[in-house]
Amino acid sequence: MLLSWDAAAVRAAEEPLLAAGVPLMDRAAFGLATHVAHVLRDVRGRVGGAHVVLLVGPGNNGGDTLHAGARLARRGARVTAVLASPRVHGDGLAALRAAHGRVVPAHDDAAADALAGTVLAADVVLDGLLGIGGRGGVRGPGARLVGALAAAAARPVVVAVDVPSGVGVDDGTRTGAVAQADVTVTFGACKPALLLPPAADAAGRVEVVDLGLDLAGAPAVARLAGADVAALWPVPGRTSHKYARGVLGVVAGSDRYPGAAVLASGGALRAGVGMVRYVGSAGSQVLAAHPEVVVGEGRVQAWVVGPGVAPDDDAQRARARDALVHALAHDEPAAVDAGALDLLPDRVPPHVVLTPHAGELATLLSARGAAVDRADVEAAPLAHARRAHELTGATVLLKGATTVVVGAHGAVYAQADAPAWLATAGAGDVLAGVLGALLAGRAADAVDDPTLPAALAAAAAAVHGRAAHAANPGGPVTASDVAAAVPRVVAGLVTA
Ligand SMILES: NC(=O)C1=CN([C@@H]2O[C@H](COP(=O)(O)OP(=O)(O)OC[C@H]3O[C@@H](n4cnc5c(N)ncnc54)[C@H](OP(=O)(O)O)[C@@H]3O)[C@@H](O)[C@H]2O)[C@@H](O)CC1
Ligand SMILES: [K+]
């Protein structure tokens with residue numbers, strides 16, 4: 001599991017070490033220089049003679065960068081520090097000068113613009129303008145340098161120092177231009193911005209330098225790895241029968257969208273649910289694709305409600321509403337998608353998991369008095385998913401290239417397992433089915449432990465994303481392909 005801590009938690013963990021005189025900046029700079037040396041060997045074959053440009057901001061982030069630059073200069077690199085502020089870290093600057101690094105001021109926009117060519121001609125650029133002390137996008141001459149990097153057709157390798165400068169460290173937002181990093185070398189612990197969209201898209205590969213911090217308290221954002229998914233997956237024992245493995249009620253599809261019923265049922269079956277009971281008008285299509293499905297109502301442990309339920313299909317909407325009422329009255333977990341999102345009562349428990357995409361989340365929030373549109377949600381996915389959790393009580397899985405899950409007691413996951421090819425019609429229906437299988441297989445646990453539905457939702461997103469890779473590595477996939485690949489992805493995880 002990849003865990004991240006917010007800026008305040010990192011600072012709190014640094015404090016006692018700094019008070020005890022532990023040289024944290026030395027450790028950070030050593031780790032940074034080591035990673036940059038690896039990068040230089042990759043791009044140039046060696047450190048000696050390579051040209052390294054440091055973008056240096058006013059705080060300790062610039063200090064780390066200058067100290068790392070000094071180490072690289074001592075190893076023979078040609079190091080140029082571009083100072084984007086008249087006030088920079090004194091010790092760091094002295095160390096770089098002592099190591100014969102070159103120092104050039106860029107204290108105004110014109111000076112910064114004149115240095116853009118130098119920056120773009122480097123082998124490697126270290127982005128040390130802002131770290132966890134940054135507030136909003138990069139301002140001043142630093143912004144010109146970042147803008148030049150962002151606009152360049154051919155740019156040097158960029159290593160972000162701690163975080164790409166200008167990202168919202170705790171919420172994953174981006175304001176203004178952010179230099180796209182190839183690698184982010186982060187100190188002490190991963191930061192939320194390195195996992196959360198849209199900031200994480202600018203981070204590249206993330207390397208964590210251990211500073212020996214003792215991080216107390218819960219992490220801010222987590223990302224499940226394969227072993228975590230396997231530990232969450234309901235794996236049948238030798239004596240399990242289909243009812244013990246979970247029966248899932250699926251209220252999906254409509255005359256207009258019968259395929260959603262087929263895909264949601266298929267996702268659930270392929271994820272290992274004991275049995276699917278399908279409720280709705282697409283029974284014949286579901287049976288044609290999946291003869292193992294039982295059509296009609298009966299006892300279930302969990303529900304999938306909403307995929308492909310058309311807004312004008314009154315009969316299917318009534319079934320979806322009934323299913324939700326039943327689920328809530330009997331403490332049965334439910335994945336609520338698409339056409340059922342507007343049928344929710346005001347408050348629901350966290351074992352109700354909403355699975356909107358950005359547009360649907362905007363609609364849901366707007367209906368509850370928070371006027372936002374799709375672009376607002378995409379610019380700040382965590383904040384909006386959290387708002388929806390606060391307003392409804394539900395666990396919220398916000399679908400996207402990186403899927404964000406917010407659950408009870410501050411549980412937050414960000415899963416980036418899917419290839420871009422997964423953005424295809426019907427993929428969300430399959431995801432709802434996979435999640436439904438997990439909720440059915442672990443229904444009692446999901447009700448007892450209010451944070452578990454968020455972990456299960458993240459696990460469903462992880463398997464769904466991996467299935468898209470497995471279905472056709474590097475190429476296009478259909479939702480049916482993704483569903484078909486789920487069993488071997490699950491097998492690979494639970495037997496690893
Ligand atoms: N603590 C430690 O020992 C360790 C810390 N470490 C390192 O320290 C980093 C944190 O350092 P930091 O606290 O000095 O903040 P940092 O991010 O460098 O910038 C703050 C400066 O930027 C300014 N500023 C703010 N926003 C701005 C904007 N939008 N555009 C332009 N300027 C802006 C702000 O000005 P102010 O807001 O105060 O006016 C202030 O002057 C951390 O990320 C890690 O790299 C590691 O070495 C491990 C040990
Ligand atoms: K930085």
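Colleague: Which residues are buried in helix H4 (residues 90-98)?
Modeller: The model is a predicted one. A residue is called buried when 20 or more other C-beta atoms lie within 10 Å of its own. In H4, the residues that are buried are Gly-92, Leu-93, Ala-95 and Leu-96.

Colleague: Why are these residues on the same side of H4?
Modeller: Gly-92, Leu-93, Ala-95 and Leu-96 are the buried residues of the helix. They are on the same side of H4 because the arc they cover around the axis is only 160 degrees.

Colleague: Which residues are exposed on the other side of H4, and what do the buried residues of H4 pack against?
Modeller: On the other side, the exposed residues are Gly-90, Asp-91 and Ala-98. The buried residues of H4 pack against helix H3 (60-74), strand S3 (78-83) and strand S4 (102-105).

Colleague: Which element gives the most to the shell around ligand 1?
Modeller: Ligand 1 is surrounded by 26 residues, and the closest are Gly-59, Asn-60, Asn-61, Gly-131 and Gly-133. Two or more residues of this shell come from each of helix H1 (7-19), helix H2 (24-44) and H3. With 4 residues, the element that gives the most is H3.

Colleague: How many residues of the shell around ligand 1 are charged?
Modeller: The shell around ligand 1 has 10 nonpolar and 11 polar residues. The number of charged residues in the shell is 5.

Colleague: Where do the residues of the UniProt annotation "binding site" lie: at one spot or apart?
Modeller: The annotation comes from an unreviewed UniProt entry and covers Asn-61, Asp-127 and Ser-165. These residues span 105 residues in sequence. No two of their C-alpha atoms are more than 9.4 Å apart, so they gather at one spot.

Colleague: Is Asp-127 buried or exposed?
Modeller: Asp-127 has its place in strand S5 (residues 124-128). The count for Asp-127 is 33 C-beta neighbours inside 10 Å. Because 20 or more is enough to count, Asp-127 is buried.

Colleague: Which residue of the "binding site" annotation is among the contacts of Asp-127?
Modeller: Leaving aside neighbours within four places in sequence, the contacts of Asp-127 include Leu-55, Val-158, Pro-164 and Ser-165. The annotation covers Asn-61, Asp-127 and Ser-165.

Colleague: Where is the place of Ser-165?
Modeller: Ser-165 is buried, with 29 other C-beta atoms within 10 Å. Beyond four places in sequence, its contacts include Gly-57, Asp-127 and Leu-129. The place of Ser-165 is the loop between strand S6 (157-161) and strand S7 (183-187).

Notes: Residues numbered from 1 in each chain as written. Chains lettered and ligands numbered in written order. Predicted model: local features only at pLDDT ≥ 70, side-chain atom pairs only at ≥ 80, totals over all residues. Buried ≥ 20, exposed ≤ 12 C-beta atoms within 10 Å, placed from the backbone. Arc of directions from axis to C-beta. Contact = placed C-beta atoms within 7 Å. Near = placed C-beta within 6 Å. Nonpolar A, V, L, I, M, F, W, Y, C, P; charged D, E, K, R; others polar. UniProt positions renumbered as here; feature names shortened; annotations may be inferred.
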